Amino acid sequence: MKPINNIRSRTVVMPSTNIDTDQIVPARFLTTTSKLGLGKALFADWRYDADGKPRPDFILNKSEADGCRILVAGRNVGCGSSREHAPWALVDYGFQAVVSTEIADIFKNNSLKNGLLPVVIDEATHAWLIAHPGAEIEVDLASSSLKIADRPPVAFPIDAFARYCLMSGVDELGFLLSKDSEIRAYESRDGL
Amino acid sequence: MSVPKTMFEKVWAAHEVTPQTKDTPAVIFIDLHLTHEVTSPQAFTLLRERGLKLRRPDLTLATMDHSTPTRTEQVFGGAPISIESAAKQIRQLEKNCLEFGVELLGLQDARRGIVHIIGPELGLTQPGKTIVCGDSHTSTHGAFGALAFGIGTTEVGHVLATQCLLQKKPKTCAIEVRGKLSPGVTPKDLILAIIGKVGVSGGMGYVFEYRGEAIRAMSMDQRMTVCNMSIEAGARAGMIAPDETTCAYLKDTPRAPKGKDWDAMVAYWKTLPSDKSASFDKLVEIDASSLEPMVTYGTNPGMVVPVTGRIPDRRGDAVFDAAMAYMGLTAGQAIGGAPVNVVFVGSCTNGRLVDLRAAANVLRGRKIAKGVQMLVVPGSQEVKRRAEAEGLAEVFKAAGAEWRESGCSMCLGMNGDTVSKGKYSVSTSNRNFEGRQGVGARTLLASPETAAASAVLGRVADPRQFLDA
């Protein structure tokens with residue numbers, strides 16, 4: 001993975017609460033054996049009509065969404081299924097961060113493993129972002145803060161180890177593999 | 001005296017390979033890794049790319065359920081699998097299992113079924129184990145006092161390669177269920193009521209422990225229904241303390257310990273329940289005796305009312321308004337009597353034998369309403385055989401329902417079993433999200449009893465009218 005330090009981009013705002021992983025990528029696209037190419041399935045049922053034509057009123061089909069790397073979503077984004085296809089689809093489409101007041105557990109874990117930053121912020125900042133779609137903002141991983149021009153930076157929580165992995169461009173598997181002797185000791189201790 | 005511990009804390013502590021530090025999460029050993037065709041291919045690719053082997057074939061089991069067809073001719077021959085990409089995914093799992101040495105209960109294996117149904121059936125799901133699978137409903141196995149949770153595909157790769165996961169310790173929440181469930185009110189109704197109370201993100205960051213009289217009175221099949229939907233409240237996992245019911249279920253299952261080993265395991269399991277004075281980070285109380293059969297009316301499992309109730313009037317709330325527009329239902333409408341086009345009985349939530357018996361009890365000697373399609377899909381081939389031996393399959397067929405091979409089926413539209421656009425489905429599955437059962441499908445979640453009653457009357461119906469006095 002490429003190391004990530006900061007992401008600066010205009011935002012795409014999807015204010016709906018509880019955007020579940022079935023919306024992010026519907027189940028019928030899960031019969032793939034690859035991680036790639038899921039960007040076209042991203043929000044498929046909101047993005048396209050029954051004939052596969054783009055719905056002009058959906059945000060990702062509007063020109064102002066072009067090139068945006070940060071998705072601001074309503075509360076409890078990513079709830080539902082554990083499908084990692086959800087972050088794969090967001091990343092394949094071009095998103096690098098998801099911002100909300102609550103981000104579902106498994107989706108958050110899956111996002112961190114794919115270089116998609118889950119950014120949980122307070123309600124006031126979130127309300128401001130919802131009210132200002134397309135705002136140019138910066139997610140700064142080094143300081144774990146969200147920067148909006150003319151406003152004080154907003155700290156967001158991120159697991160120290162996940163941040164280290166993201167900033168160094170290393171994955172967690174390497175760390176787990178380095179624990180081989182501890183794992184062996186555990187296995188022999190428990191007669192497993 | 002040692003500090004009193006919750007069951008979760010005991011299981012967690014017993015699996016720490018290295019503890020959590022300021023800078024790193026804990027390394028947690030996994031006792032059982034279940035895997036299936038949809039969330040594993042990219043994990044095997046990762047192993048291949050890194051030149052890694054499967055660390056513990058003895059703790060890994062694969063089956064196929066999600067994209068697997070339920071039509072007999074597609075499973076056992078005579079017709080090709082209708083979705084080409086699904087067929088390819090199934091073949092890929094076969095190849096991966098062969099290459100890496102994973103035991104696979106494949107398409108035509110008599111022990112195949114939904115991954116969360118066969119683990120317990122085989123006796124692999126046991127108290128005190130850590131169990132993971134690339135599926136959010138892995139919480140099901142918590143019914144045995146295991147710590148079981150869903151993981152993503154990258155983590156599937158981690159477990160294949162190291163049998164371990166990096167985890168931050170979650171918080172604990174006791175769900176105290178007071179009193180008993182009334183006749184016709186089921187564990188499904190209880191968990192829907194709990195989700196309605198807690199909210200779909202109220203459990204975020206917690207492991208639930210379900211406790212109390214109503215939980216103790218449940219069979220293992222029923223406890224699994226409760227734990228299955230923990231994730232729908234956002235919880236990491238749901239657990240129920242093992243007891244005599246747990247041991248009676250597991251004894252003599254094919255892969256449970258035998259003889260002296262069994263006695264030793266039972267002795268260990270008895271140490272697992274939370275200590276009396278153990279404290280939880282949060283407490284939720286619910287009165288089981290006041291509950292009625294529950295039905296969802298919206299597009300998340302927390303949007304739920306009693307079958308005798310009305311859809312609340314929350315007009316002006318964006319989630320509510322969007323849900324009503326999608327569902328084609330209105331604020332204040334009585335949910336009883338709402339239209340029904342399709343009825344689905346099955347899934348990892350309600351696809352076990354006790355669920356099929358409950359649906360059959362309502363359907364016996366009755367026909368499903370004209371114009372209603374009903375699909376009954378056993379959760380495993382074992383459930384299918386037993387349901388056929390008991391005559392349940394005949395009851396379903398005589399009532400006009402379709403009887404299929406096991407699989408996830410209509411719970412999620414990816415295996416050929418779908419609900420058409422705009423149609424109303426009363427479903428015993430776990431999610432009523434937009435499009436979950438098919439593009440534009442409208443899902444109302446309910447118990448097997450309520451689903452069967454709704455099939456008979458062709459509208460959302462209270463099952464209690466069909467219960468023998």
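How many of the ten residues of helix α17 in chain B are buried? I started my notebook page with that one, keeping in mind that this is a predicted model.

**Entry 1: helix α17.** I looked up residues 448-457 of chain B and found the helix mostly covered, with nine of ten residues buried. The buried set runs B:P448, B:E449, B:T450, B:A451, B:A452, B:A453, B:S454, B:A455 and B:V456. Next I checked what they pack against: in chain B, the strands β13 (294-296), β15 (342-345), β16 (373-376) and β18 (424-427), plus the helices α13 (347-350) and α14 (353-363). Just after α17(B), I noted B:G458 with a positive phi of about 70 degrees.

**Entry 2: domains.** I have chain B split into domain 1 (7-167), domain 2 (171-242 + 265-289) and domain 3 (293-466). Between domains 2 and 3 of chain B, the C-alpha centres are 23 Å apart. Their contact involves 19 residues of domain 2 and 20 residues of domain 3. On the domain 2 side, α7 (187-198) and α9 (220-228) of chain B each put in at least two residues, and α7(B) gives the most, with six. I sorted that side into seven nonpolar, eight polar and four charged residues.

**Entry 3: chain A against chain B.** I then turned to the contact between the chains, which takes 53 residues from chain B and 41 residues from chain A. On the chain B side, the elements supplying at least two residues each include β1 (16-18), α4 (84-100) and α12 (318-327). The top contributor there is α6(B), with six residues. By type, I have 21 nonpolar, 24 polar and eight charged residues on the side of chain B that touches chain A.

Methods. Residues numbered from 1 in each chain as written. Chains lettered and ligands numbered in written order. Predicted model: local features only at pLDDT ≥ 70, side-chain atom pairs only at ≥ 80, totals over all residues. Contact = placed C-beta atoms within 7 Å. Helix = DSSP H or I, 4+ residues; strand = E, 2+ residues; numbered from the N terminus. Nonpolar A, V, L, I, M, F, W, Y, C, P; charged D, E, K, R; others polar. Buried ≥ 20, exposed ≤ 12 C-beta atoms within 10 Å, placed from the backbone. Domains from an automatic or database assignment.
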